[in-house]
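Here is a report on a structure with two chains to follow. Keep the picture in view as you read.

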Amino acid sequence: MPLADVSEAYTDLVTTVFSSAIAAKVWFATAAFALAFVQVTTAARIYGRLRFLPERGRAIAGVHRWSGRIAFLCTLPVFFHCVMILGFQTPDARVALHSLFGTFFYGMFVAKVLIVRDRALPAWALPTAGLTLASMLCVLWLTSSLWYFTNVRFGF
Amino acid sequence: MRRGWRPLLVGGAVVVCTFALAKAEIFAPSAPAGGTETVGDVSRGETVFQRECASCHGSGGSGGGVGPRLVGAGIDAATAAAIVQQGGGVMPAGLVSGRDEADVVAYVVSISMP
């Protein structure tokens with residue numbers, strides 16, 4: 001299969017559910033953004049904040065882990081469409097900002113995962129990495145999905 | 001080397017790889033071969049256009065939104081396809097692709113003939 005046909009095969013696949021490949025992308029990104037919110041709130045509870053949330057440590061940790069895994073899976077189709085098909089573009093400030101943050105996103109993700117597993121690092125490293133990653137996802141969502149919903153259309 | 005640098009170094013390597021992949025655009029759809037030749041379905045393209053493009057270009061490409069008026073604009077297939085694929089102004093790249101793209105391009109060419 002020629003490489004360019006992969007793009008068409010991907011479009012055919014996602015348009016079995018969504019109206020277009022870009023609509024699929026904005027909804028996957030929205031799901032990842034919502035799950036990032038879950039990540040931040042559960043992480044805050046793990047660190048002793050947001051005391052109105054239940055204090056069951058294992059349940060909170062489980063929700064945190066699984067919301068992170070599902071959020072990561074949701075970003076994969078977005079990664080494929082943005083990086084492999086559209087590429088790095090700078091036609092205007094919004095797209096340039098989106099391309100820049102998108103380029104750094106998976107690097108920050110990998111760094112955060114490694115920080116989770118490295119117990120030798122200072123205590124502030126993990127929340128700093130997590131908040132940075134969530135902030136990057138927020139910028140990516142604002143410069144893509146929110147823009148699409150408000151300027152193109154809100155729908156599947 | 002202190003172990004604490006490992007996440008930053010690996011993360012940095014991932015950033016470089018991501019940037020290289022983004023610049024390569026290895027799965028980008030190829031540009032249409034023919035100058036003004038269109039192979040899409042105009043009537044299906046109209047449906048896709050009303051769904052994906054009319055909010056900016058107006059119903060039937062008549063203008064009135066954030067995008068330019070397309071009726072009578074004299075846009076050929078290669079130009080329309082390039083703009084759809086690469087974006088332009090506030091228009092995002094890849095708004096439609098695959099068969100939808102071919103159909104929308106055919107429709108845009110049909111309405112843009114002066």
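Helices here are DSSP runs of H or I with at least four residues, and strands are runs of E with at least two, numbered from the N terminus. By that count chain B has five helices and zero strands. The model is predicted.

## The two chains

Start with chain A. Five helices and zero strands are found in it. Along the sequence the pattern reads α-α-α-α-α. The C-alpha trace of chain A spans about 50 × 35 × 30 Å along its principal axes. Chain A has 156 residues, and 39% of them are buried. Take the contacts in chain A with a separation of 6 or more: 67% of them come from residues 24 or more positions apart.

Now chain B. Reading along its sequence gives α-α-α-α-α. Chain B has 114 residues, of which 39% count as buried. For chain B contacts between residues at least 6 apart in sequence, 68% join residues at least 24 apart.

Look at α2(A). This helix has 26 residues. From its first C-alpha to its last, α2(A) reaches 37 Å. That is close to the 38 Å expected at 1.5 Å a residue. After α2(A) comes Gly48(A), which has a positive phi, near 90 degrees.

## How helices pack

Two packed helices are described by the angle between their axes and the distance between the axes.

| Helix pair | Axis distance | Angle |
|---|---|---|
| α2(A) and α5(A) | within 9 Å | roughly 150 degrees |
| α2(B) and α5(B) | 7 Å | about 100 degrees |
| α4(A) and α1(B) | within 7 Å | roughly 155 degrees |

Take the pair in chain A. The axes of α2(A) and α5(A) cross at roughly 150 degrees. Angles over 145 degrees count as roughly antiparallel, so α2(A) is roughly antiparallel to α5(A). The crossing of α2(A) past α5(A) is left-handed. Which residues make the contact? From α2(A) they include Ile22(A), Val26(A), Ala29(A), Ala32(A), Phe33(A) and Ala36(A). From α5(A) they include Pro127(A), Gly130(A), Ala134(A), Leu137(A), Trp141(A) and Tyr148(A).

The pair in chain B meets at another angle. The axes of α2(B) and α5(B) lie 7 Å apart, at about 100 degrees. Angles of 65 to 115 degrees count as roughly perpendicular, so α2(B) is roughly perpendicular to α5(B). On α2(B), the contact is made by Val42(B), Arg44(B), Gly45(B), Glu46(B), Val48(B) and Phe49(B). On α5(B), Asp100(B), Asp103(B), Val104(B), Ala106(B), Tyr107(B) and Ser110(B) take part.

## Where the chains meet

How many residues of chain A are in contact with chain B? There are 36, and they touch 37 residues of chain B. On the chain A side, the elements that give two or more residues are α1, α2, α3 and α4. The largest share of that side, ten residues, comes from α4(A).

The third pair in the table spans both chains.

Ala96(A) counts as partly exposed because it has 14 C-beta neighbours inside 10 Å. Phe79(A) is 17 residues from Ala96(A) in sequence. In space, the two are 16 Å apart, C-alpha to C-alpha.

## The nonpolar core

In soluble globular proteins, nonpolar side chains tend to be buried together. Here the largest nonpolar core has 61 residues. Those with the most contacts inside this core are Ala32(A), Phe105(A), Leu137(A), Ala80(B), Val104(B), Val105(B) and Val108(B).

Which elements give two or more residues to this core? Chain A supplies α1, α2, α3, α4 and α5. Chain B supplies α2, α4 and α5. The largest share, 14 residues, comes from α2(A).

Finish with Phe105(A). Leaving aside its neighbours within four places in sequence, Phe105(A) is in contact with Met136(A), Leu137(A) and Leu140(A). Of these, Leu137(A) is itself among the residues with the most contacts inside the core.

Terms used
Residues numbered from 1 in each chain as written. Chains lettered and ligands numbered in written order. Predicted model: local features only at pLDDT ≥ 70, side-chain atom pairs only at ≥ 80, totals over all residues. Core = buried A, V, L, I, M, F, W, Y, C linked by C-beta atoms within 7 Å. Buried ≥ 20, exposed ≤ 12 C-beta atoms within 10 Å, placed from the backbone. Contact = placed C-beta atoms within 7 Å. Expected span 1.5 Å × (residues − 1). Axes fitted to C-alpha atoms, helices over the stretch in contact; angles between N-to-C directions. Parallel < 35°, antiparallel > 145°, perpendicular 65-115°, else oblique. Left-handed = near helix turned anticlockwise from the far one by under 90°.
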